[in-house]
Amino acid sequence: MDLNSYADLAVRLVNSANQGCGDGLATVESYRALVADRQHLAGRATVSDLEALRLLREELRLIFAAADSGNAAQVAERLNALLTRHPIHQELISHDSQQWHIHLVESGSAADRHAAGAIAGLTGLVTASGTDRFGICEAEGCGRAFIGTGTSAGKRYCSDGCKPKAKVRALRVHEHGSGQGPPSIAVS
């Protein structure tokens, strides 16, 4: 089972509220677009699934926020509560000439499958790497969830695009606060 792929589902779900074209869980069509590359999740989504996924999204956001603030105990508490409400069912599978390996059972509603995947992914991430690798982007105005590739204790960003923006803002604040103004760009 590729837990990183499943953890990505949690990120995708949390960030579905911050889509450039609106809420990724607003309609069945927007949900299908959100999971278009995950055929096992697309299935028959209903309005009821969307309501359940919006609730799950908020619970997952709280987990990312707890990780971001360094509260590992709260991350575990919230994940344990989700594991109780959304039990994860696994099965042993062999396909495409691969060795036997574990998959999540593809049963239940679209919301059930997404919840199982997202929770399994985050649980696997926490048990393998702790809570330092994920959180909420620190770039001003972003607020997107992310899973980092390293264990950096410094500022963390959802993408390479947010990192330079944050550094530029910090530089501007520092220069403005120092009374020196912006550096000269005049060429002699």
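The legends below describe close-up views of a predicted model.

View 1. Helix α6 comprises the 20 residues 110-129.

**View 2. The largest nonpolar core.** This core contains 31 residues, among which Y31, L60, I63, F64, L122 and F134 touch the most other members. At least two core residues are supplied by each of α1 (3-15), α2 (28-34), α4 (47-68), α5 (72-85), α6 and β3 (134-136). Helix α4 provides the largest share, with 8 residues.

View 3. The whole structure holds 5 salt bridges. In one of them R12 is paired with D8, with 3.5 Å between the closest N and O atoms. Both residues belong to helix α1 and lie 4 residues apart, about one turn of the helix. An α-helix has 3.6 residues a turn, so residues three or four places apart point the same way. R12 is buried, with a relative accessible area of 16%, because this value falls under the 20% limit. D8, at 30% relative accessibility, counts as partly exposed. A salt bridge also joins the side chains of R12 and D37, at 2.6 Å from N to O. D37 lies in the loop between α2 and α3 (39-42), whereas R12 is in helix α1, so this pair ties together parts that are 25 residues apart in sequence. D37 counts as exposed, at 54% relative accessibility. Through shared partners, D8, R12 and D37 are joined into one network.

View 4. The side chains of R85 and E59 meet in a salt bridge at 2.0 Å, N to O. Because R85 lies in helix α5 and E59 in helix α4, the pair ties together parts that are 26 residues apart in sequence. R85 is partly exposed, with a relative accessible area of 48%. E59 also counts as partly exposed, at 25% relative accessibility.

**View 5. The cysteines C137, C142 and C158.** The number of disulfides in the model is 0, the criterion being a pair of cysteine sulfur atoms within 2.5 Å. C137 is in no disulfide, and its nearest cysteine sulfur, that of C142, is 3.7 Å away. C158 is likewise in no disulfide; the sulfur of C142 is again the nearest, at 3.6 Å. C137 is buried, with a relative accessible area of 6%, whereas C158 is partly exposed, at 25%.

**View 6. A nonpolar patch on the surface.** The patch is formed by L92, W100 and I102, which together present about 350 Å² of accessible area. I102 lies in strand β2, which covers residues 101-104. With a relative accessible area of 35%, I102 is partly exposed.

Definitions and conventions. Residues numbered from 1 in each chain as written. Predicted model: local features only at pLDDT ≥ 70, side-chain atom pairs only at ≥ 80, totals over all residues. Heavy atoms only, no water. Expected span 1.5 Å × (residues − 1). Patch = residues over 30% accessible without salt bridge, like charges linked within 9 Å, V, L, I, M, F, W, Y side chains within 5 Å. Areas by Shrake-Rupley, 256 points an atom, 1.4 Å probe, with all protein chains shown as cover. Salt bridge = Lys/Arg side-chain N within 4 Å of Asp/Glu carboxyl O. Buried < 20%, exposed > 50% of the residue type's maximum accessible area, 1.4 Å probe, protein only. Core = buried A, V, L, I, M, F, W, Y, C linked by side-chain atoms within 4.5 Å.
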